[in-house]
Each structure stands twice: as C-alpha cells, then as structure tokens.
Amino acid sequence: MNAPIRQPVSTERPRLRSEIVPLRDYLRDPDLGWDAVAARPSEPNAFLERWFLEASGHNLNVPADARMLVVRAEEQLIGMMPITVASRYGRMAVRHVENWLHYNSFFGAPLVRRSFEPYFWHYALDLLDADPHAPSFLHLVAMDGQGPLAAALLKARRGAAVVHRSSRAMLQSDLSSCEYYEKTVRKKKRKEIGRLQARLAELGTVTFCRLSDAGELDAWIDAFIALEASGWKGRNGAALAKDHHTKNFVFDALRGAHAAGRLEMIRLEVDHRVIAMLVNFLAPPGSFSFKIAFDEEFARFSPGVLIQLENLKILETPDIDWMDSCAVKDHPMINSLWAERREVVRISVPLKGKRRRATFAACRTLERAAALVRKAM
C-alpha cells in the first residue's frame, strides 16, 4: 500500500508568473496556496483538490503530455487546470487541448479562486495562445453550464461555444430530509420502499453507520472495495479492485480526503453484515457522491435505494448546500429520489492563429451539420 499523501513543502522562492508545466513536476512541487483556493473556490471541485489529484498522479496512468495550467497574480495562486492534448474531437481526428479527467473524475471545472473567473480565463487563454504545444482549440468537458466559470468564459469575447448539453441528478433544497422525501418521491414509491424496509428488518437489526473513527478508515475502505468487487463491476472488470494501481489510488484519495475533512462514508448493515456502502466527497458549499456499492444477495431489498435515503440527511449539514450525484444521465435510482438537475456542458474555445481558427471553424461547421441531421431524423 502506498504511503499517505505528503504535505507540499517548498523551499523555493514564490513563483510569481502564470505558466504551463508538466503535471508530474507540478505534483512534486505544488503551490502552497492550492488548499487555500480549494477552501474558497469559484466552483467546488473535489476532483481537483490536492489530495485527489496527488492520489491520481501517483497511482494512475497519467498521459505523458499532461500538464498543469497555473494562473498566478504576484504571489497569489488564482487558479489551475490540468490539460492534455486529445487526438480526437468526437468522431473527427483533430488534435486539440482538453481539460484532463480520468475515469474516476466526474467534474471538469478548473479550480479557481472565487471572484477571479474573468482574470483566470484571460491569462489561461493567453498562455494557450502562446503555447506551441497547444493545437487547434481548447475543449472543456464536464463543466457546470449554469456556473460562474462557464458564464465568465462565454462572456470573454473569445468565440467560446457550448457544443454539448446534458444533465444529471443533483440534490439541493432547504427542506429537511424527511420533508424532501415526502415532497419528491411519489406516494406509491414511498409505500413500496416502506415495504422493502419492513421485509429487510425481518432478517435482523438494520442500522446505518457513518465513519467517525480515523483508526477504522482503512478497514472501511477495504470493506467498500470488497463489496464493490463482489457485484457486477467485479464480474465486468470495472471494479476499483481491478488492479493494484486503481486500488492504491482509492486508498490514497480516501485517506487524503479524510485528512482534509472532506470524506463521508456511510454503510447499511443487517445484524452487523454490511450490505451497502456510499462514499461522498465534501467540498463546501457543495459535495459529490463518489461511489456506491451493495451486496447483490440483498438486491431484492433495494439496498442502494435505502442507503440513498439515509444520504438525504446531507440536506441538514450546515455548510453543505448541494450534492452532485456524479451519475449518468437518467440514472433510474437517483433520478427517482432527487428532483434537481445539474446542467453539464462541453465548451470549445478557439485559440489565436489562422490555422487554429480555421480548424475550430471547420469543426463547428461539421458539428452544426450533424446536429441538423439528428434533428431531422
């Protein structure tokens, strides 16, 4: 198992200028202000906080050309965004710059100090304009279509365009968990869930537990990884335990999140047998539902639904206003329990240079034509 994630230590003079540096180099010597930006972000993004990105960089297959775009003002870190060069743009073989996410990253907004959105985009795009390794245009995936970062970019007079829109379930309400459940979930479904709860209780004592003892963290992580691997993800080779790199990433990320006060783990037990677990990342004022697993022997009791009902208590957490499900669009379980939706978009931005702009224009023309064809079908 990898050692716990180190705290960043730097004996160098403060870096003053904005720059684009190899991602692995940046992770070896990050800005000391990284955590400060994460504590007061324009848009919370747990997947770009130090503990998550360091765990990713130390354990996963990071693209060789992955770099960190860093915007600074004097001695202050303003914002950061990992980028890479993608070889394809949809079905088109067009090289372009893209914000880098891996398979277990579910939100792509750069981590930017609150109120500095226009400043960040101005200097970030200037850096890419001047970068000889940045082809064609910038393509941003998994952005919040209603967030301040997307709004600032679209107002920047750089020809940015939203090229794809989708949505996923989100939890956001001033109601209590009980009030929200009664208002959101139709009566027939609540009755069915009540029946499942009663049937499960016939098997033994049903309890929900939350991780509170740091000494139990590794045991909880082990239990979650084993539970997930016991189901369909394990059979399909998609479980976190599929290889030691991914498993070590999970341990490092969850240890780092716990040390930073960003981790919530919930489990559902029947007579002390764990039948469902949930991992959330807290990033005040938001949060992200990272992973869920359940014992398929108890599938007839819908343990995933039951633990998500317990998860509604996040509505009563004082410093958390919302939770992003991180689920695919139209996920049947989450969509039946959570009423709100987060618009997730992709945004493309041309970079300066005749050849770059011509490539961007050609791609946009083909995108519009394809959209018209789909609409006509």
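Is F288 buried or exposed? In this predicted model, F288 counts as buried because its relative accessibility is 0%, below the 20% limit for that class.

**Strand β11 and S287**

Strand β11 spans residues 286-294 and contains S287. S287 has a relative accessibility of 0% and therefore also counts as buried. The side chain of S287 approaches the backbone oxygen of W322 at a distance of 2.8 Å.

**Aromatic pairs**

A pair of aromatic rings is described by two quantities, the distance between the centres and the angle between the planes. The model holds 21 aromatic pairs. One of them joins F107 and F288, whose ring centres are 5.9 Å apart; their planes meet at 35°, so the pair is classed as tilted. This pair connects distant parts of the chain, with F107 in the loop between β4 (96-99) and β5 (111-112) and F288 in strand β11, a separation of 181 residues. F107 has a relative accessibility of 3% and so counts as buried.

A further tilted pair is formed by Y119 and Y123, with 4.6 Å from centre to centre and 40° between the planes. Both residues belong to helix α4 (residues 117-130), where about one helical turn separates them because they are four residues apart. Y119, at 28% relative accessibility, counts as partly exposed, and Y123 falls into the partly exposed class at 33%.

The relative accessibilities of the residues discussed are as follows.

| Residue | Relative accessibility | Class |
|---|---|---|
| S287 | 0% | buried |
| F107 | 3% | buried |
| F288 | 0% | buried |
| Y119 | 28% | partly exposed |
| Y123 | 33% | partly exposed |

**Aromatic cluster and charges over rings**

F107 and F288 are both members of one aromatic cluster, which consists of F47, W51, F52, F106, F107, F249, F281, F288, F290 and W322.

Which charged residue sits over the ring of F107? It is R342, whose charged end is placed 4.3 Å from the centre of that ring.

Conventions:
Residues are numbered from 1 along each chain as its sequence is written. This is a predicted model: local features need pLDDT of at least 70, side-chain atom pairs count only at pLDDT 80 or more; totals for chains, interfaces and linings use all residues. Side-chain values use heavy atoms; hydrogens and water are left out. Helices (H or I, at least four residues) and strands (E, at least two) are DSSP runs, numbered from the N terminus. Buried means under 20% relative accessible area, exposed over 50%, partly exposed in between (1.4 Å probe, protein chains only). A polar contact is a pair of N or O atoms within 3.5 Å; within protein, one must be able to donate a hydrogen and the other to accept it, and residues adjacent in sequence count only if both atoms are side-chain atoms. Rings of Phe, Tyr and Trp (its six-membered ring) pair if their centres lie within 6.5 Å; planes under 30 degrees apart count as stacked, over 60 as edge-to-face and the rest as tilted. A charge sits over a ring if NZ of Lys or CZ of Arg is within 6 Å of the ring centre and within 35 degrees of the ring normal.
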